[in-house]
Amino acid sequence: DTHSENFLQRLGKLYAELGELVQHHPDATLFALIHLSATELRMYSATHAMLVYVVCSLAARDVLQWPTELDETLGKAALTMNVSMTTLQDQLAVQTQALTNEQIDAIERHPQRSFAALLELGVTDERWLLAVRHHHDRAPGPLADKKPALRIARLIQRADMFTSRLAPRVSRTPMSTSAAMQGCYFDEEHQVDEAGAALIKAVGVYSPGLYVRLASNELATVIQRGKNTSTPRVAVVVNREGLPTGEMIIRDTSLPAYKITGSVPHRDVKVQVALDKVLALI
């Protein structure tokens, strides 16, 4: 709700709470937001914006090693990048028919409209404003060659694209993890993208919240990132006989017997995973 007088105050509170979670509970935060974006289509715009900030913050801190003072600008830009089209974004998540011309126009113009809305709300941080204005730019190339606001915009653009491709819609199925990763990893000129590569290194090839098949033929959900990007810690939810496990079993995917053989779409997982029970394991 951008029309309330205390919007920026509430936004600051949300950013601070998310920042604390990213700092102290990164895997649990990733799991919760990826799980919610895949299973809960209501208020998708808000969940998506929070997830984009979390993955960007981890990449900026752990891989790109950006100054910590940039995180607030990065966070608030990610949280407000779609502020002019939140209602439309929520609608599109459950829409079954093709986009109308008006919807296409709103999508294409939303970076500029969000920029204008933030100006009207009283935002004065130039980097925040420019990052929102340019967060859909197709601007490949080294991050060091860009001004700070455009570095932030590029990181947000890659994270926005990657996380939205993993999320389901009523009208389409989500991309496979490998396809979404590849689209993020390579830029518009088919070169390795610095921002995209940083995101993948930060969250892992198999991020918390995703489902995977193991060499043991068990189905598991990823609960924690591992020592390298392809060997996370997982919890088995379906055993090798195809039956729900009841109590989830922890597996170390760095062991050959439990190596990950591929990702599994959320839609193909027939068991209900209780979010609170998984978070207790992380």
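A crossing of two helices is called right-handed if the near helix is turned clockwise from the far one by less than a right angle, and left-handed if the turn is anticlockwise. By that convention, α8 passes α10 in a right-handed crossing. The model described here is predicted.

**Helix α8 with helix α10**

- Helix α8 covers residues 148-166 and helix α10 covers residues 194-203; their axes come within 9 Å and cross at roughly 60°. This angle makes α8 oblique to α10.
- On the α8 side, the contact is formed by R154, L155, R158, A159 and F162, which meet A195, G196, L199 and V203 of α10.
- By residue class, the contact of α8 with α10 comprises six nonpolar residues, one polar residue and two charged residues.

**Helix α3 with helix α8**

- Two packed helices are described by the angle between their axes and by the distance between those axes.
- For α3 and α8, the angle is about 125° and the axes are 9 Å apart. With that geometry, α3 is oblique to α8.
- The crossing in which α3 passes α8 is right-handed.
- Residues Y44, H48, L51, V52, V55, C56, A59 and A60 of α3 meet L155, I156, A159, D160, T163 and S164 of α8.
- The contact of α3 with α8 divides into 10 nonpolar residues, three polar residues and one charged residue.

**Helix α5 with helix α6**

- The axes of helix α5 (residues 86-94) and helix α6 (residues 101-121) come within 11 Å, and they cross at roughly 125°. The two helices, α5 and α6, are therefore oblique to each other.
- In this pair the handedness is left: α5 passes α6 in a left-handed crossing.
- L88, Q91 and L92 are the residues of α5 that meet Q103, A106 and I107 of α6.
- Four nonpolar and two polar residues make up the contact of α5 with α6, and no charged residue takes part.

- In soluble globular proteins, nonpolar side chains tend to be buried together.
- The largest nonpolar core holds 52 residues, of which V54, W66, L155 and I156 touch the most other members. Helix α3, residues 44-63, gives the most to this core, contributing 10 residues.
- Leaving aside residues up to four places away in sequence, I156 touches V52, C56, L74, A77, A78, M81 and H135.

- L21 belongs to helix α1, which spans residues 7-24. With a relative accessibility of 36%, L21 counts as partly exposed.
- Apart from residues up to four places away in sequence, L21 touches P26 and T29.
- Although L21 and V54 are 33 residues apart in sequence, their C-alpha atoms are 9.0 Å apart in space.
- D27 is placed in helix α2, residues 26-39. The relative accessible area of D27 is 12%, so this residue is buried.
- The contacts of D27, not counting residues up to four places away in sequence, are with P208, I223, Q224, R225 and I282.

**Loop residues with positive phi**

- Most residues other than glycine have a negative phi.
- H190 has a phi near 65°, a positive value in a residue other than glycine. Its place is the loop between α9 (177-185) and α10.
- With a relative accessible area of 67%, H190 is exposed.
- N217 has a phi near 70°, which is also positive in a residue other than glycine. N217 is found in the loop between β1 (211-214) and β2 (219-224).
- The relative accessibility of N217 is 42%, so N217 counts as partly exposed.

Notes: Residues are numbered from 1 along each chain as its sequence is written. This is a predicted model: local features need pLDDT of at least 70, side-chain atom pairs count only at pLDDT 80 or more; totals for chains, interfaces and linings use all residues. Side-chain values use heavy atoms; hydrogens and water are left out. A nonpolar core is a set of buried Ala, Val, Leu, Ile, Met, Phe, Trp, Tyr and Cys residues joined through side-chain atoms within 4.5 Å. Buried means under 20% relative accessible area, exposed over 50%, partly exposed in between (1.4 Å probe, protein chains only). Helices (H or I, at least four residues) and strands (E, at least two) are DSSP runs, numbered from the N terminus. Contact means heavy atoms within 4.5 Å. Axes are lines fitted to C-alpha atoms, for helices over the stretch in contact, and angles run from 0 to 180 degrees between N-to-C directions. Angles under 35 degrees count as roughly parallel, over 145 as roughly antiparallel, 65 to 115 as roughly perpendicular and the rest as oblique. Ala, Val, Leu, Ile, Met, Phe, Trp, Tyr, Cys and Pro count as nonpolar, Asp, Glu, Lys and Arg as charged, and the others, Gly among them, as polar.
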